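This briefing concerns helix packing and a metal site. Please examine the sequence and the structure shown below before reading the points that follow.

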Amino acid sequence: MLISNNRQLDVLSDAQAELCALAGRRPSPDFYAAKLARVWGRAANATAYTDLPPWSTAAFRALPPTTRTDLKADPWSYVAVGWQRTAKYYETTGTSGQVTPTPRTVEDIVYNAISVAQAWRGVLADDDRVAILLPSDVVPVADLVVSVSEYLGLPHARLYPFAVGIADYGRVIDLWRTLRPTAVFLAPGVAVQLTRFLKQRNQFDDLRASVRTMMLLGEVSTEALRARLGSWWTAKVYDASYGSTETGTLAATCHRARLHLLTGANYFELATPAGTIEPLRTGARGRLVVTPLNLHARPLLRLDTGDEVALEADCPCGNPAPVITVGGRSTDVLRVHEVPLTIRAVEDLVYGATRATGYLVETDPAGRYVRLLLERDVRAERGSEPGEIDALQETSARELGLRWDVVSFVNSLPSTTKAGGSQKSWKRSNIRVVEPT
Ligand SMILES: [Zn+2]
């Protein structure tokens with residue numbers, strides 16, 4: 001987040017003043033009206049929004065939502081600035097394999113970083129040393145953590161263990177011994193893989209000693225997995241944030257480990273099953289619709305995220321912004337033996353009933369056969385495995401109505417189950433469709 005001239009310094013001061021004034025408060029209707037009018041004006045410069053009527057709250061409410069399909073079909077038509085204004089350029093590959101070009105202006109970067117930094121300030125301490133095991137190239141995920149660390153004045157290092165020619169796990173460990181990180185940012189799959197790697201080399205007890213906080217991001221993480229990692233590392237483990245490359249960060253964790261919507265940086269609405277779009281309400285459920293308030297390179301109006309969310313009551317941390325749980329997308333459900341399986345259901349089983357360090361679900365295309373492969377912990381006692389499998393089958397039958405055709409332990413799973421880093425889908429990483437024999 002390098003600031004190199006007075007204009008950029010003004011952007012930084014404005015963002016700081018605006019977002020600090022909103023900390024711990026609910027933004028007013030006037031605030032939203034003024035910010036939305038400005039996004040509306042910027043969006044009009046993008047070809048996708050050339051037919052926008054003049055701004056009014058009535059025009060905003062009448063505007064049909066922008067869908068992800070629209071956006072992915074022609075992403076450049078939503079870009080509202082040229083290369084002159086572009087400060088950084090990223091690309092992301094979604095689950096469909098299609099590339100989304102992502103230019104960012106200084107405004108995009110500064111506002112997002114400060115908004116997230118304000119939330120993480122409650123989780124990170126002034127004396128934290130930050131290790132960032134996230135990819136630096138092409139995708140923006142590591143840059144955000146770097147910007148937040150810079151803004152909060154925390155010493156930090158990027159050490160992605162898959163940077164070919166630069167770093168692998170061996171190099172990460174060497175650097176770790178010097179930095180002795182207290183806060184570690186990484187994808188859940190990498191956290192599991194790193195743990196196994198350190199255990200295999202008898203270095204786990206030494207290297208986990210400095211770590212107080214683990215911030216998971218880049219992939220979906222479940223509460224069951226976070227609890228498992230927390231007990232291994234004797235650290236507090238957080239689902240650090242929720243958002244997307246298209247929108248920027250939409251929610252961030254508080255010190256109570258709950259995701260609060262970033263209401264000072266985004267205007268949120270909910271799409272209901274009836275087809276209407278309504279304002280946020282505590283206790284409501286629906287698909288999250290967002291208008292990010294500070295996007296300049298690619299302003300988005302009423303983007304339907306496709307994510308089902310539930311809004312919960314007040315959090316004891318004192319932040320009045322709604323807490324969300326993200327239910328995921330309907331495409332992320334696997335049907336086997338007529339039972340819909342979600343990542344949460346499977347990981348509650350795997351990490352709740354067994355001591356496995358990972359898993360792979362194998363099914364045939366019709367979903368009539370399902371096998372669960374569990375990865376045994378390094379140097380685990382095998383004698384307890386039959387009991388763990390029985391416990392898992394019983395819980396599964398009781399909670400999900402599913403009896404697995406086969407459950408077995410293996411020494412290690414393919415690295416695709418954990419090599420994460422960019423937003424991988426659960427279906428790609430932990431599910432394998434096999435032909436029936
Ligand atoms: Zn909270």
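The axes of helix α8 (residues 188-200) and helix α10 (residues 223-233) come within 11 Å and cross at roughly 30°. Because of this angle, α8 is roughly parallel to α10 (angles under 35 degrees count as roughly parallel, over 145 as roughly antiparallel, 65 to 115 as roughly perpendicular and the rest as oblique). The model is predicted: local features need pLDDT of at least 70 and side-chain atom pairs count only at pLDDT 80 or more, while totals for chains, interfaces and linings use all residues. Residues are numbered from 1 along each chain as its sequence is written, and side-chain values use heavy atoms, with hydrogens and water left out.

**Helices α8 and α10**
- The crossing of these two helices, α8 and α10, is left-handed (the near helix is turned anticlockwise from the far one by less than a right angle; clockwise would be right-handed).
- On α8, the contact (heavy atoms within 4.5 Å) is made by residues including Pro188, Ala191 and Val192, and on α10 by Leu225, Leu229, Trp232 and Trp233.
- The residues of this contact between α8 and α10 comprise nine nonpolar, one polar and one charged (Ala, Val, Leu, Ile, Met, Phe, Trp, Tyr, Cys and Pro count as nonpolar, Asp, Glu, Lys and Arg as charged, and the others, Gly among them, as polar).

**Helices α10 and α11**
- Helix α11 (residues 343-353) packs against α10 at an angle of about 30°, with the axes 8 Å apart.
- The helices α10 and α11 are therefore roughly parallel to each other.
- Ala224, Leu225 and Arg228 of α10 make the contact with Glu347, Asp348, Val350 and Tyr351 of α11.
- By class, this contact of α10 with α11 has four nonpolar, no polar and three charged residues.

**Helices α5 and α6**
- Helix α5 (residues 106-120) and helix α6 (residues 141-152) have axes that come within 9 Å and cross at roughly 70°.
- That angle makes α5 roughly perpendicular to α6.
- The crossing of α5 with α6 is right-handed.

**Zinc site**
- The protein donors of the zinc ion are Cys254 (SG), His260 (NE2), Cys315 (SG) and Cys317 (SG), at 2.1 to 2.3 Å from the ion (donors are N, O and S atoms within 2.8 Å of the metal, or 3.2 Å for Na, K and Ca).
- The zinc site is tetrahedral, with angles of 101 to 115° among its four donor atoms (four donors count as tetrahedral if all angles lie between 85 and 135 degrees).

Key
Axes fitted to C-alpha atoms, helices over the stretch in contact; angles between N-to-C directions. Helix = DSSP H or I, 4+ residues; strand = E, 2+ residues; numbered from the N terminus. Tetrahedral: all angles 85-135°; square planar, octahedral: opposite > 155°, others 65-115°.
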